[in-house]
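Here are my notes for you, written as numbered points to be read slowly with the model open beside them. Please look up each residue as it is named.

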Amino acid sequence: MDGRTPKIVVLISGNGSNLQAINDAICSESFEAEIAVVISNKSNILGLDKAAKANIPTAVIEHKDYPEREIFDANLMKEIDKHQPDLIVLAGFMRILTSDFVRRYEGRIINIHPSLLPKYPGLNTHQRAIDAGDAFHGVTVHFVTAELDSGPNIIQAKVKTFENDTVDSLVKRIQEQEHIIYPIAVKWFIEGRLQMSGNSALLDKEALPETGLVLEAAEVLH
Ligand code: GRF
């Protein structure tokens, strides 16, 4: 990216474990990038403490201060644009974004969603997988488009389910996989290997399957 250090903006609403995994990958020199700022829509969350400990600048734009979604998003865009990021990473950011917002960053905004998309967009994915008796559950990194949880898939990790699984046990096994696949997707993007083209994600100029790349190792690791 023009010989300068690529910039990432990370948006969070909670614990920031994916933020941590991505920052750990950068710190271990898996790829060269800088997290320019971590933006949260809530104060007093663990993710902000993690960012501060890692010396990453933070900003809080509380959604509850903005009754209108458009105005919240406009403020969010203003903060993001100060940093001119190459990539925007949604890491547990629990706000639905307006289409204006998504259009502005299309092709350089990615999200992680705890299901094997297109299965189970939206909330409560772990409970839904348990209720349906699914043999596998998982997590997907995808490009963000205007429709919720439905942009082109980049990478998925499949996790086997067990009869005695609870939401907590599934969350735990799936988060282990999140921390593997999200840094991989970010690395691909930052290295210029990953693009969005229409309804597909391209890796090294070739369209990935609709599932995204499925990390088979995750099945073995559970
Ligand atoms: C993850 O489970 C992710 O799949 C979902 O939100 C959660 C964020 O966790 N989108 P953390 O804040 O990164 O720990």
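This is a predicted model: local features need pLDDT of at least 70, side-chain atom pairs count only at pLDDT 80 or more; totals for chains, interfaces and linings use all residues.

1. As general background, nonpolar side chains tend to be buried together in soluble globular proteins.

2. Once the neighbours within four places in sequence are left aside, I154 is in contact with I110, V141, H142, F143, A185, W188, L194, A201, L208, G212 and L213. I109 lies in strand β5, residues 109-113, and I109 counts as buried because its relative accessibility is 0%, the cut-off being under 20%. With the neighbours within four places again set aside, the contacts of I109 are L87, I88, L90, L97, F101, H142, F143 and V144. For a sense of distance, I109 and N55 are 54 residues apart in sequence, and their C-alpha atoms are 23 Å apart in space.

3. Is helix α1 enclosed or open? Of the 11 residues of α1, 8 are buried, so this helix is largely enclosed by the rest of the structure. The buried residues in α1 are S17, N18, L19, A21, I22, N23, A25 and I26. The elements that cover them include β1 (7-12), β2 (34-40), α2, β4 (87-90), β5 and α6. After α1 comes E29, a residue whose phi is positive, near 60°.

4. Apart from neighbours within four places in sequence, the residues in contact with E62 are N41, K42, S43 and F72.

5. How many aromatic pairs does a search of the whole structure find? The search finds 2 aromatic pairs. One is formed by Y66 and F72, and this pair is tilted, with 6.2 Å from centre to centre and 55° between the planes. Within the pair, Y66 counts as partly exposed, at 26% relative accessibility, whereas F72 counts as buried, at 3%.

6. In the pair of F101 and Y105, the ring centres are 5.0 Å apart and the planes stand at 65°, so the pair is edge-to-face. Both F101 and Y105 lie in helix α4 (residues 99-105), where they are 4 residues apart, about one turn of the helix. An α-helix has 3.6 residues a turn, so residues three or four places apart point the same way. F101 and Y105 are both buried.

7. Turning to open spaces, the largest pocket has a volume of about 1,100 Å³. It is lined by 40 residues, and the closest to its centre are G92, F93, M94, I112 and P114. At least two lining residues come from each of α1, α2, β5, α5 (125-131) and α6, and α6 supplies the largest share, 5 residues. By class, the lining of the largest pocket divides into 17 nonpolar, 18 polar and 5 charged residues.

8. The second largest pocket holds about 280 Å³ of space. Its lining has 16 residues, of which S150, G151, P152, N153 and N199 lie nearest its centre, and this lining divides into 6 nonpolar, 8 polar and 2 charged residues.

9. Finally, there is 1 cavity of 30 Å³ or more, and about 40 Å³ of space lies in the largest cavity. The lining of the largest cavity consists of L19, Q20, N23, K50, A51, A54 and I56. Helices α1 (17-27) and α2 (46-53) each supply at least two of the lining residues, and the largest share, 3 residues, comes from α1.

Note on methods
Residues are numbered from 1 along each chain as its sequence is written. Side-chain values use heavy atoms; hydrogens and water are left out. On a 1 Å grid over the protein atoms alone, a cavity is a set of points where a 1.4 Å probe fits but cannot get out, and a pocket is an open set with protein on both sides within 12 Å along at least five of seven lines; lining residues have an atom within 4 Å of a point. Grid points are joined across faces, edges and corners, and a volume is the space filled by probe spheres set on the points. Contact means heavy atoms within 4.5 Å. Rings of Phe, Tyr and Trp (its six-membered ring) pair if their centres lie within 6.5 Å; planes under 30 degrees apart count as stacked, over 60 as edge-to-face and the rest as tilted. Buried means under 20% relative accessible area, exposed over 50%, partly exposed in between (1.4 Å probe, protein chains only). Ala, Val, Leu, Ile, Met, Phe, Trp, Tyr, Cys and Pro count as nonpolar, Asp, Glu, Lys and Arg as charged, and the others, Gly among them, as polar.
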